[in-house]
Amino acid sequence: MKKLISILLILAVCAGILCGCGQTAGYGVSSVLTLVSQDYSLAFRNDDPVYFYVTAALEVLAADGTVDRLASKWFGQNILSFDRNPDALSILTPPEPRTLIIGLDINSFPMAYISSGTFWGFDVELANAVCAKLGWALQMQSIEKEDAYIELSSGNIDCAWGGIVITQEDLDGKRLTQYGPYAHNDIVIAARAGTNVSTKMKLNGKTMCMSSTSEAMDALNTDPTLSKRLGQVTRLAGGTTECFENLYAGKCDVVLTDSTAIYYFNCH
C-alpha cells in the first residue's frame with residue numbers, strides 16, 4: 001500500500017510539473033500549418049536619442065532578469081532575443097524626465113491589446129518597465145503596424161513598439177531605425193492537442209475561427225487551396241481571445257492565430 005501511495009504521489013508531482021504554467025491537460029494547442037512568418041521589432045526615428053536610452057534600458061532589464069520574468073509570465077518560456085548589458089545605461093548621460101509615446105498594434109495579442117479599455121500585453125509591461133528604469137512617463141496609442149514610418153516621421157509617436165513588423169520597404173529605404181528583431185512570430189492554423197487535425201490534409205471540411213483583421217485575411221489568402229479545403233470559416237470581431245474561446249468550447253475545429261498566442265494560451 002505504501003508503495004502504491006508513493007507511486008501516486010510521484011505521478012501527481014509529474015502532472016503538476018507538466019501543467020506548471022497553468023495549462024490544463026488536454027487543452028494544449030499546436031500548429032497545423034504555417035501561413036506567414038514574421039519578426040517583431042522596435043522602430044524609432046533616425047538619429048533620435050530616444051533610441052539609445054530605450055535600448056540601453058532594455059539591455060539592463062534583460063541582464064537583471066526582468067525580461068526573463070515577463071517572458072515566463074506571458075509565454076511560459078523565454079522566446080525573446082534581447083542583448084544583455086547591466087552597464088548599458090551607465091555610459092549614457094542621465095536621461096531627462098519626459099513622456100515616451102509608443103504606438104502599438106492592438107491586434108497582436110498577447111504582445112499588445114486592449115482589455116476593459118486599457119492597453120495591455122507583454123510589450124506594454126516591458127515598456128512600462130523601461131520607463132520606470134528611465135524615470136519617464138509612458139503614453140500609448142493604437143497604430144496600424146504598416147504605418148510605423150508615417151507615425152514616427154509625423155511625430156505622433158516616439159517609438160513603434162507592440163507587435164510591430166517593420167516592412168521591407170522601410171528597411172531598404174532606411175526610413176527608420178530598427179531595434180531587433182526581438183521575437184519571432186508565425187501566423188498559423190492551429191488545433192487542439194489530441195485531435196486528429198495534425199496536417200494540412202486533415203483540414204478538409206474543418207470549421208475555423210479567425211480574427212476579422214485584414215492581416216488575418218491576407219494570411220489566409222497566401223494559400224489559395226485552403227478556402228476549398230476548409231469548411232465554414234467564421235471571422236470574429238473579438239479577435240484572438242474569442243477565437244480560442246470558441247476552440248476550447250468545441251465551436252470550431254481550428255483557429256487562425258499567432259504562434260505567440262499559442263505560447264500564451266498553452267501557459268494559462
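In the predicted model, Trp161 is in contact with Leu42, Val54, Leu58, Ile102, Gly103, Leu104, Asp123, Leu126, Ala127, Val130 and Tyr182, when residues up to four places away in sequence are not counted. Trp161 also belongs to the largest nonpolar core, a set of 60 residues in which Val54, Leu80 and Trp161 touch the most other members. Two or more residues of this core come from each of β1 (29-44), α2 (50-63), α3 (66-75), β2 (99-104), α4 (122-134), β7 (177-192), α9 and α10 (259-265). The largest share, 10 residues, is supplied by α2. Another core lies apart from this one and comprises 17 residues, including Val32, Ala216, Leu220 and Leu230. In soluble globular proteins, nonpolar side chains tend to be buried together.

The largest pocket has a volume of about 410 Å³. Its lining consists of 24 residues, of which Asn107, Ser108, Ser211, Gly239 and Thr240 are the closest to the pocket centre. At least two lining residues are supplied by each of β3 (113-115), α7 (214-220), α9 (239-248) and β10 (254-258), and α9 gives the most, with 4 residues. By class, the lining of the largest pocket comprises 10 nonpolar, 10 polar and 4 charged residues.

The second largest pocket has a volume of about 210 Å³. Asp105, Asn107, Glu144, Lys145, Glu146, Val165, Thr167, Thr213, Ser214, Glu215 and Asp218 form its lining, which divides into 1 nonpolar, 4 polar and 6 charged residues.

Methods
Residues numbered from 1 in each chain as written. Predicted model: local features only at pLDDT ≥ 70, side-chain atom pairs only at ≥ 80, totals over all residues. Heavy atoms only, no water. 1 Å grid on protein atoms, 1.4 Å probe; cavity = no way out; pocket = protein on both sides within 12 Å on 5 of 7 lines; lining within 4 Å. Points joined across faces, edges and corners; volume = space filled by probe spheres on them. Nonpolar A, V, L, I, M, F, W, Y, C, P; charged D, E, K, R; others polar. Core = buried A, V, L, I, M, F, W, Y, C linked by side-chain atoms within 4.5 Å. Buried < 20%, exposed > 50% of the residue type's maximum accessible area, 1.4 Å probe, protein only. Contact = heavy atoms within 4.5 Å.
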